[in-house]
Amino acid sequence: MLMEMKSKSPFMKIELIPEREVTFEAFWQHYDDKVNSSKKRTKAKWEKMTKTQQTKAYHYIDKYFASLPYGTRKKYAETYLNAELWNN
């Protein structure tokens with residue numbers, strides 16, 4: 001990710017700037033739960049999220065899947081977004 005440095009105070013602040021905008025379609029394809037999840041509800045939640053939240057949610061998908069114990073089903077896509085699992 002690109003980093004932008006700001007120095008308006010004696011301390012340096014660093015903000016993460018997304019490399020590119022993540023689209024809902026990219027998220028929907030990557031999460032890949034089209035049979036069980038509602039695309040309409042998931043998209044409605046996605047559109048209420050900030051660009052930073054969208055980017056974090058998208059990039060956390062693989063870590064989330066890897067963290068699931070064997071035999072555990074992943075959450076519906078809209079539940080994944082509503083629970084903000086990338087913040088845990």
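1. A residue counts as buried when its relative accessible area is under 20%. Please keep in mind that the model is a predicted one.

2. Start with the overall layout. The protein chain has 4 helices and 2 strands. Along the sequence they follow the pattern β-β-α-α-α-α.

3. Next, the totals. The protein chain has 88 residues, and 27% of them count as buried. Its accessible surface is about 6,500 Å². Carbon and sulfur atoms account for 54% of that surface. Contacts across the sequence also deserve a look. Take the contacts between residues at least 6 apart in sequence: 54% of them join residues at least 24 apart.

4. Now the helix pair. Helix 1 covers residues 24-31, and helix 3 covers residues 51-67. They pack at an angle of about 10 degrees. Their axes lie 10 Å apart. Angles under 35 degrees count as roughly parallel, so helix 1 is roughly parallel to helix 3. Which residues make the contact? On the helix 1 side they are Ala26, Phe27, His30 and Tyr31. Helix 3 supplies Tyr58, Ile61, Asp62, Tyr64 and Phe65. By class, this contact has 7 nonpolar residues, 1 polar and 1 charged.

5. Leaving aside neighbours within four places in sequence, Tyr58 is in contact with Val22, Ala26, Phe27 and His30.

6. Is Gln54 buried or exposed? Its relative accessibility is 4%, so Gln54 counts as buried. Beyond its neighbours within four places in sequence, Gln54 is in contact with Val22, Trp46 and Met49.

7. Move on to the loop between helix 1 and helix 2, where helix 2 spans residues 39-48. Asp33 is found in this loop. At 7% relative accessibility, Asp33 counts as buried. Which residues does Asp33 touch, not counting those up to four places away in sequence? They are Trp28, Arg73, Lys74, Lys75, Tyr76 and Ala77. One of these, Lys74, is 41 residues from Asp33 along the chain. The C-alpha atoms of Asp33 and Lys74 are separated by 8.6 Å.

8. The side chain of Asp33 makes polar contacts. One joins it to the side chain of Ser37, at 2.9 Å. Another links it to the side chain of Arg73, at 3.5 Å. Arg73 is also in the list of residues that Asp33 touches.

9. The relative accessible area of Ala77 is 1%, so Ala77 is buried. Not counting residues up to four places away in sequence, Ala77 touches Phe27, Trp28, Tyr31, Asp33, Ser37 and Thr42. Ala77 and Arg41 are 36 residues apart in sequence, with their C-alpha atoms 9.0 Å apart.

10. Asp32 is not a glycine, yet it has a positive phi of about 55 degrees. Asp32 has its place in the loop between helix 1 and helix 2. At 46% relative accessibility, Asp32 counts as partly exposed. Glu84 is not a glycine either, and its positive phi is about 50 degrees. At 28% relative accessibility, Glu84 counts as partly exposed.

Conventions: Residues are numbered from 1 along each chain as its sequence is written. This is a predicted model: local features need pLDDT of at least 70, side-chain atom pairs count only at pLDDT 80 or more; totals for chains, interfaces and linings use all residues. Side-chain values use heavy atoms; hydrogens and water are left out. Axes are lines fitted to C-alpha atoms, for helices over the stretch in contact, and angles run from 0 to 180 degrees between N-to-C directions. Angles under 35 degrees count as roughly parallel, over 145 as roughly antiparallel, 65 to 115 as roughly perpendicular and the rest as oblique. Contact means heavy atoms within 4.5 Å. Ala, Val, Leu, Ile, Met, Phe, Trp, Tyr, Cys and Pro count as nonpolar, Asp, Glu, Lys and Arg as charged, and the others, Gly among them, as polar. Buried means under 20% relative accessible area, exposed over 50%, partly exposed in between (1.4 Å probe, protein chains only). Accessible areas come from the Shrake-Rupley method with a 1.4 Å probe; for residues, only the protein chains shown count as cover. A polar contact is a pair of N or O atoms within 3.5 Å; within protein, one must be able to donate a hydrogen and the other to accept it, and residues adjacent in sequence count only if both atoms are side-chain atoms.
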